[in-house]
Amino acid sequence: MSYLEHNVKTVPVGPQKILSLNWAVIILLSAVSGIGFLMLYSVAGGSMTPWVEPQIKRFALGMGLMFFVAMVPIWFWRNMSVLAYGVSVILLLGVEFFGTTNMGAKRWIDLGFMVLQPSELAKLSLIMVLAAYYDGLDLKKTSRPLWVLIPVLIILLPTALVLKQPDLGTAILLLTGGGIIMFLAGVSWYYFAAVIAAVAGAISAVFQFRGTAWQFLKDYQYRRIDTFLNPESDPLGAGYHITQSKIALGSGGWTGRGFMQGTQARLNFLPEKHTDFIFTTLAEEFGFLGAISLLGLYTLIILFCIFSAMKNADRFSSLVIFGVAAMLFLYFAVNMSMVMGLAPVVGVPLPLVSYGGSSMLVLLIAFGLMQSAHVHRPHRTR
Amino acid sequence: MKRDARDTAQSKQIISRRGMLLGVSQLAFVGALGARMQYLQVNQSDQFRLLADENRINIRLIPPARGLIYDRNGIALATNKPVYRISLVREDAGDVDKVVQRLKALVPLDPEQLERALALMKRRSPFVPITIANDLKWEDIAKVAVNGPALPGVSPELGLRRSYPMADDFAHIVGYVGAVNEAELNRVDDRDPLLQMPHFKIGKIGVETKLEKALRGTAGTKRIEVNSIGRVMRELGRKEGDSGANIQLTVDSGLQNYVQARLAGESAAAVVIDTVTGDLLAVGSTPAFDPNKFVNGISQADYSALLENKYRPLPNKAIQGIYPPGSTFKMITALAALQADVVTPQSTVKCKGHVEVSGRRFHCWKRSGHGNVNLINSLKKSCDVYYYEMAQRAGIENISAMAKRLGLGTHFDIPMSSVAKGLTPTKAWKRKNRDADWLIGDSLNASIGQGFVLSSPLQQAVMTARIATGKEVIPRLVKSINGQEQPIEGGASLGLNENHLRLIRKGMFAVTNVSGGTGYRSRILGDQYRMAGKTGTSQVGNKVVRNSDVEWEKRDHALFVCYAPFDNPRIAVSVIVEHGGGGSKAAAPIARDIVLQALFGKLPPLSAYPKADRARIKREQKNLKLRDPATGKTVGDQA
């Protein structure tokens with residue numbers, strides 16, 4: 001019986017659970033999604049179709065799932081962790097064999113009623129399984145090589161499968177997300193120092209071997225990096241995305257051109273205007289104030305999660321909340337960096353704002369876990 | 001699994017500490033993102049907004065409506081006809097083949113053009129409208145419009161096409177427009193961006209090209225919003241251009257029509273000029289061609305037919321053609337001799353049919369000779385020997401100078417293609433161009449308008465007008481541009497002795513009004529219409545056989561110049577019938593008919609003709625294919 005179950009009678013039951021949800025986070029999530037609806041409406045030229053309606057439906061479904069997940073005690077989900085991880089690895093393998101190809105990448109499984117992106121599911125289950133692993137691990141063993149190797153393998157298995165799709169963005173997210181859980185769990189600094197050194201070496205190796213039979217990355221991935229390093233070198237070719245997105249952002253100014261008045265995104269200058277590059281529409285139409293407000297909303301969600309996690313005495317709960325917050329952070333940080341020309345273009349959506357089913361559902365389910373951990377937290381005083 | 005409290009507390013401490021660290025680094029990253037936002041959106045905003053505007057605003061040209069061309073009475077010679085086109089947008093059509101099949105069932109489509117359009121469509125972006133049919137009738141367009149729902153992507157369009165309602169009559173004067181070719185696109189002096197537009201037409205010959213600048217107008221612009229792949233989203237504003245200037249010519253379309261009809265069947269040219277203003281009332285050249293065929297690109301077969309026609313329909317013979325003036329030059333020689341004071345009106349020269357000069361024998365056209373001839377008779381009978389004598393007395397320099405004074409060897413600046421300068425030879429010219437000394441024989445040949453002398457029908461008409469008025473008549477083709485009357489140039493006295501001119505005119509009067517004159521058969525009855533003229537026959541090669549006995553290309557050119565009315569000259573006319581034989585037979589009757597038509601403004605009454613000819617003239621008038629001024633249709637077209 002764990003520490004958590006030991007304190008079970010102090011956990012709220014029935015309708016009380018709803019009151020003890022972290023409502024601030026729910027409101028913030030809704031606000032961010034609301035901004036997403038507005039932007040999709042604008043990008044569609046002032047129309048509910050083709051993007052806003054399905055997005056609202058998914059949001060409603062996601063919210064329902066979030067509440068359902070939140071109501072179920074967190075220890076149930078902890079026990080489901082390994083199963084969830086197993087299922088997502090099997091699904092990732094399934095993509096390899098049954099996936100539909102879209103824009104040169106196999107990322108989706110058509111389930112009939114919806115198209116599933118298993119790599120999204122993998123992000124969540126990775127957080128869960130790592131949190132569960134460290135929950136059960138004796139603290140003294142945390143930094144021992146064998147006990148470090150196991151979580152590393154747990155991370156690398158889905159990462160390798162995602163990389164093979166190929167989906168560099170998600171792979172980076174999985175790697176970084178997993179690393180963050182390991183870091184929080186108390187794995188020694190030395191390991192991280194070693195990994196950072198190894199990564200630096202690997203990056204130089206990637207460029208050293210470019211053009212040889214041994215090259216690690218695909219040509220288009222090299223090109224994206226080149227473009228990122230010098231977008232003006234080829235403004236109408238590979239650097240097009242970055243240059244156009246910077247123009248859209250920059251033309252927004254302080255207060256923007258006004259809702260529905262943006263020209264760059266609506267006039268098709270921007271690629272993926274409803275998915276990965278939707279931030280440019282916001283920045284162009286609502287300017288610096290609009291963009292910084294969205295950043296503020298995300299930051300508040302992260303802060304509420306950190307407070308919730310730090311107050312939570314249960315190790316699994318705490319790690320899951322940090323993990324979910326880190327997942328959200330990585331999404332928007334990578335997306336915004338990419339759009340603002342701080343990072344190469346990798347396919348990472350703006351969380352809850354970009355049009356897309358899997359990522360929104362999985363993110364809301366993840367926040368369901370966070371809520372469950374929050375609701376079912378141990379109350380020491382009683 | 002139960003965990004002890006110390007382990008839990010320690011783990012909680014680690015997670016909190018590291019969580020705090022993570023939170024702080026996350027906040028730092030958020031700060032960096034915010035700073036980047038500020039940099040892009042606030043600090044660099046102006047620069048990016050400029051780039052954004054360039055991104056979306058595209059300036060397109062609006063082609064101006066080309067100026068119209070009218071005759072002196074305001075009758076349209078060149079217009080812009082609305083034409084209906086059908087264009088197809090591939091993207092909207094979906095299944096292009098299906099739509100085209102349906103369209104074919106509705107309206108006639110030119111298979112050749114359709115094939116070209118479909119090929120072009122594959123190469124262009126899917127949203128670019130491609131013209132698949134030109135020049136459709138209104139009924140066809142209505143059919144397409146009614147069936148709109150079944151024809152996705154098909155849209156009827158209204159455009160303007162240059163049209164020449166007078167067809168062949170003004171082919172040489174007005175000319176035609178055509179597509180811009182590579183050479184025209186690269187011209188340094190015309191960098192108008194309009195030339196780059198597809199379907200834009202510019203003048204190719206005649207007034208259309210010579211007054212291109214005025215006719216074209218200036219392009220308007222419209223600012224349109226486009227997206228990154230060039231699709232037009234909406235129009236933001238437009239600035240209309242100026243349509244081209246309307247041009248009124250001095251030509252009378254009725255007279256021009258008559259001249260073309262009268263010359264029909266011959267390779268001939270005629271010029272009618274107003275002796276007072278210099279206005280060109282008609283500039284005929286036959287055969288002509290239909291300029292409308294050139295507007296959308298003439299077919300190879302039609303063009304070959306024009307090129308291979310031995311009567312050469314393409315050049316404007318009245319302006320570009322240069323011919324030895326033959327005996328019509330004799331007025332000049334006579335004037336030069338009078339001016340040089342080497343002859344008196346009464347003094348005679350004995351013509352025995354030929355004269356020996358420096359060992360060579362020069363013949364008069366009348367081998368039996370004219371006997372004693374004075375100046376007036378020399379013109380009336382066109383005695384060559386008299387002029388051989390005048391040439392020796394006056395010298396070539398005097399003759400050449402007089403020719404120049406009367407308009408020969410002069411470039412007239414009228415807006416027509418390749419206006420010929422002709423030639424009035426001098427000793428210096430021969431030295432320079434032929435590298436030989438001037439021989440006395442050259443003077444003799446020149447005195448009767450043979451040898452080196454060359455002139456165009458236009459110059460001959462000017463010469464005649466100058467003799468008739470004694471004034472410096474300068475031809476004018478453009479009456480007004482955009483309603484602004486163009487100046488009448490010249491009109492000053494030539495400074496010739498009026499008595500000399502009177503003598504010449506008398507001689508010319510005798511040619512066409514006194515029995516025995518070479519043009520007497522083409523006289524006009526009725527004092528107020530009488531004309532004075534001069535026949536000419538310019539030799540094509542040396543021969544001593546009759547014209548009717550040699551093939552067409554070797555026959556002599558027939559010329560005639562005249563002015564009328566004799567008492568109060570208003571018009572001067574010159575006619576040349578290439579390889580027509582003698583001037584009195586082939587050219588004079590034509591000139592007489594043109595004079596009468598010009599003076600009456602319609603077909604003249606038969607009373608103007610000698611009694612014996614009236615039946616024949618009546619027949620000829622009936623057979624003429626003239627345009628009905630009311631309907632614009634040519635009589636006899638139905639046949």
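What follows is a short chat about reading the cores, the interface and one serine in this predicted model.

Trainee: What should I know before I start?

Mentor: Residues are numbered from 1 along each chain as its sequence is written, with chains lettered from A and ligands numbered from 1 in the order in which they are written.

Trainee: Okay, how many residues does the largest nonpolar core have?

Mentor: The general idea is that in soluble globular proteins, nonpolar side chains tend to be buried together. A nonpolar core here is a set of buried Ala, Val, Leu, Ile, Met, Phe, Trp, Tyr and Cys residues joined through side-chain atoms within 4.5 Å; buried means under 20% relative accessible area, exposed over 50%, partly exposed in between, with a 1.4 Å probe and protein chains only. The largest one has 115 residues, and A:L294 and A:F279 are among those with the most contacts inside it. Helix α13 of chain A (residues 315–339) supplies the largest share of this core, 18 residues. Helices are DSSP runs of H or I, at least four residues, and strands are runs of E, at least two, numbered from the N terminus.

Trainee: Which residues is A:L294 in contact with, leaving aside its neighbours within four places in sequence?

Mentor: Contact means heavy atoms within 4.5 Å. The partners of A:L294 on that count include A:V32, A:I35, A:F279 and A:M336.

Trainee: And how do I read the interface between the chains?

Mentor: The size of an interface is often given as the accessible area lost when the parts come together. Buried area is that loss with a 1.4 Å probe, summed over both parts. Chain B and chain A bury about 4600 Å² between them, 65% of it on carbon and sulfur atoms. The contact draws 62 residues from chain A and 42 from chain B.

Trainee: Which element of chain B gives the most to the side that touches chain A?

Mentor: That's α1(B), with 26 residues.

Trainee: Last one: why does A:S317 count as buried?

Mentor: Because its relative accessibility is 0%. A:S317 is in helix α13 of chain A, and apart from neighbours within four places in sequence, A:S317 touches A:I74, A:N312 and A:A373.

Definitions and conventions
Predicted model: local features only at pLDDT ≥ 70, side-chain atom pairs only at ≥ 80, totals over all residues. Heavy atoms only, no water. Buried area = accessible area lost by both parts, 1.4 Å probe.
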